[in-house]
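Take each task first, then follow the solution step by step.

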Amino acid sequence: MSSGAVEAAPPEDQRAPSRPPVRRPSGWQWALLGVVALAIVGLGAALLLRSDDEPTSDPTAGTAGDVEQAQDEGSDPATDPETDATAPDAGEITDDATPVVSLPPVVVMVVRDGSRVVVLDTATGETRTLLEQPEADPDDPLPPNGFGRVILDPVADVVFVEEIGEPAAGVVRRVPLGGGEPDAVALGSYPALSPDGARLATADIGGGISILELDGGDRTELDGEPDASGLGAVNLAWGHDGRTLWFERITDVGGSSELWRVDALSASSLDDAVLVGPADDDQSWTLPAPRADGEVVVIEQCCTLTRPRGSANGVVIDATTGDVTSTFLLERGVFDAAYDSSGSFFLYVLVDGTVRWQGGGQGGQLATGASTADW
């Protein structure tokens with residue numbers, strides 16, 4: 001019976017038979033019951049005293065690496081994580097939450113309303129604003145642009161940020177990690193940086209993928225057909241071999257998606273791309289995140305184009321065959337997912353804006369109030 005449901009009483013011939021008469025205990029039985037009751041009371045008191053000396057475990061508490069949240073001075077505290085559009089203001093990491101593994105030192109994040117790019121120091125929990133959109137002009141009917149996907153190049157210490165709005169194709173800007181003026185480097189959406197930092201791939205409105213050589217500016221176009229999203233590919237991700245480009249194609253307006261791969265250095269168009277999965281038409285594989293061992297983690301959930309809803313699973317697949325090698329349960333739907341440059345630490349953003357990580361047999365929470373993140 002579902003929670004809160006009311007069932008009608010069964011017909012007369014289906015009701016449970018009445019209970020037999022109850023026999024009252026005799027005097028010696030009363031005495032025995034009294035002894036048993038005293039023993040139970042004594043045991044309960046002992047357990048109560050013991051519980052005062054032992055900490056209570058919290059199955060919902062985050063594991064190693066959790067960060068206590070602290071609001072910036074003068075900001076309003078978050079009241080609803082589903083609608084919080086404030087920066088993911090991370091506070092100090094408590095001693096008992098410090099991970100044994102050495103996390104990547106920096107996480108870059110876009111806040112939930114797309115207005116700011118924030119840099120988080122994973123060792124101290126301190127944050128700073130890297131980029132910020134201007135406030136809305138009441139005389140301008142168009143809202144200011146927002147930030148979408150964000151990519152960190154930890155070798156060059158630069159951040160690539162997708163700016164969405166005008167122009168409709170999207171603009172990818174590059175800004176030094178330490179701060180400075182951003183410069184536009186490419187048009188397109190869903191940018192992905194190759195492992196060596198040499199190439200930037202973006203999705204085109206026409207349905208294809210553009211690959212830009214950052215040193216020299218040469219561009220390769222992999223033409224394709226628009227899918228249900230209006231693009232030909234979304235959520236691009238480079239494999240660690242520096243050749244394979246993973247992407248999704250949206251198969252219907254509800255947001256169901258398929259995982260594809262293409263050899264970005266030899267293909268002439270997206271007609272050369274290979275469908276990887278899923279085998280079940282009722283499933284969707286989204287947000288590919290290649291690992292260092294050559295396997296790829298995808299998020300199995302619904303839906304890509306709308307707010308992800310329901311539960312989500314992490315699915316580890318063989319990059320060559322597309323076979324599922326393992327799965328793991330995630331807390332809820334996922335907005336963004338990526339591995340660090342070493343391919344060892346998995347970073348993901350839940351639909352409530354929580355930024356979490358897994359790796360080295362550990363996991364934890366880093367911040368709240370984000371929409372996309374990378375490290």
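**Exercise 1.** Find the strand that holds Thr286, and decide whether this residue is buried or exposed.

*Solution.* Start with the location: Thr286 lies in strand β16, residues 285-290. Strands here are DSSP runs of E with at least two residues, numbered from the N terminus. Next, check accessibility: Thr286 has a relative accessible area of 3%, so it is buried. Buried means under 20% relative accessible area, exposed over 50%, and partly exposed in between, with a 1.4 Å probe and protein chains only. Finally, look for a side-chain partner: Thr286 and Glu248 are joined by a polar contact of 2.7 Å between their side chains. Such a contact is a pair of N or O atoms within 3.5 Å; within protein, one must be able to donate a hydrogen and the other to accept it, and residues adjacent in sequence count only if both atoms are side-chain atoms.

A word on the model: it is predicted, local features need pLDDT of at least 70, side-chain atom pairs count only at pLDDT 80 or more, and totals for chains, interfaces and linings use all residues. Residues are numbered from 1 along each chain as its sequence is written, and side-chain values use heavy atoms, leaving out hydrogens and water.

**Exercise 2.** Work out the order of the 4 strands in the open sheet, and which of them stand at the edges.

*Solution.* First, the order is β4-β5-β6-β7, with antiparallel pairing. Two strands pair if DSSP finds at least two bridges between them. Then the edges: β4 (146-153) and β7 (183-187) each have a single partner strand, so one side of each lacks a neighbour in the sheet.

**Exercise 3.** Is β4 largely enclosed or left open by the rest of the structure?

*Solution.* Count the buried residues: 8 of the 8 in β4 are buried, so the strand is largely enclosed by the rest of the structure.
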